[in-house]
Amino acid sequence: MRVDNAAMRSLNVPAPAKVNLFLHVTGRRGDGRHLLETLFVALDFGDTIALARRDDGAIRRAGGWSDVPREHDLALRAAQALKAATGCRAGVDISVIKRIPVGAGLGGGSSDAASVLLALNRMWEVNLTRTRLMEIGLGLGADVPFFVFGDPAFACGVGEILRPVTLPPMWIAVIAPAISVSTATIFAAPELTRDTPSAKMDVFSEGYGRNDLQAAAVARYPEIGTALAELRKHSRHARMTGSGSAVFASFASDELARSAVAASPPGMRGFVARPLSRHPLAGFA
């Protein structure tokens, strides 16, 4: 992370990826949003965001993922939401260097949004509390509060009720098919399990639970099934993260994780990452 200390004119900050170690759909609210229980873990792999303060109040995209329309760019929307919530008169140029695959269930857009909220909280000197930033983040996406929260977390509700957890050491192998999955399509699947019983424990063993979205995603995107079949040759606990398309498994060593990634099916991207015990921008709120 690089900081220009001349009145905090510029910042280069990380936006880590995440995996859901399990993801259960426990119900549905009256407004149609699904109730979830999940175990979120941020990874030491992700995007990089460059921010440069502007004095004219404008919020502009200076570079990065050009295929995302401005109205769907969560990094821009995060800056706009923070400005609206605080009345800050400053602006910002935002550039995102993408490493997290899009539509892979790895939280790329949500993480970008959270890192923008945290970084601008410092750069613009608006000094909102973490709780207030999480509230703003929830308006951008259900995963954003987790990234602002800062710790590995058990989440429930629509993802906004978070409790910190401690994880054992692990290396996570991730394989991402070259497809982008529509989260809305998966949650709208008529066969989706929506009544998984609530967890009644505070400690989760390796391989606990499942991803309730996985069957619907595999049925619509067979590439996910191909990735799972390959990864399960190395770990019986392999599963999809989020609404897909990426799949993952945890291992006791870097060597085992890299061996699994090396066997990725042709055309699929893979990487190995460690869980983060604390978000790198946790001190910004």
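Is Phe 22 buried or exposed? In this predicted model, Phe 22 has a relative accessibility of 2% and therefore counts as buried, the cut-off being under 20%. Phe 154 is likewise assigned to the buried class, with a relative accessible area of 6%.

The structure contains 5 aromatic pairs. One of them joins Phe 22 and Phe 154 in a tilted arrangement, with 6.4 Å between the ring centres and 45 degrees between the planes. Phe 22 belongs to strand E2 (residues 10-28) and Phe 154 to strand E6 (residues 153-156), so this pair ties together parts of the chain that are 132 residues apart in sequence. Phe 22 also pairs with Tyr 208: the ring centres are 4.9 Å apart and the planes stand at 80 degrees, so the geometry is edge-to-face. Here strand E2, which carries Phe 22, is linked to the loop between helix H5 (183-187) and helix H6 (214-220), where Tyr 208 is found, the two residues being 186 apart. Phe 22, Phe 154 and Tyr 208 make up one aromatic cluster.

A helix packing was also examined. Helix H2 (residues 108-123) and helix H3 (residues 130-138) have axes that come within 10 Å and cross at roughly 135 degrees, which makes H2 oblique to H3. The crossing is right-handed. On the H2 side the contact is made by Leu 117, Leu 118 and Asn 121, and on the H3 side by Arg 130, Leu 133, Ile 136 and Gly 137. Classified by residue type, the contact between H2 and H3 comprises 4 nonpolar, 2 polar and 1 charged residues.

How values were computed. Residues numbered from 1 in each chain as written. Predicted model: local features only at pLDDT ≥ 70, side-chain atom pairs only at ≥ 80, totals over all residues. Heavy atoms only, no water. Axes fitted to C-alpha atoms, helices over the stretch in contact; angles between N-to-C directions. Helix = DSSP H or I, 4+ residues; strand = E, 2+ residues; numbered from the N terminus. Parallel < 35°, antiparallel > 145°, perpendicular 65-115°, else oblique. Left-handed = near helix turned anticlockwise from the far one by under 90°. Contact = heavy atoms within 4.5 Å. Nonpolar A, V, L, I, M, F, W, Y, C, P; charged D, E, K, R; others polar. Phe/Tyr/Trp six-rings, centres within 6.5 Å; stacked < 30°, edge-to-face > 60°. Buried < 20%, exposed > 50% of the residue type's maximum accessible area, 1.4 Å probe, protein only.
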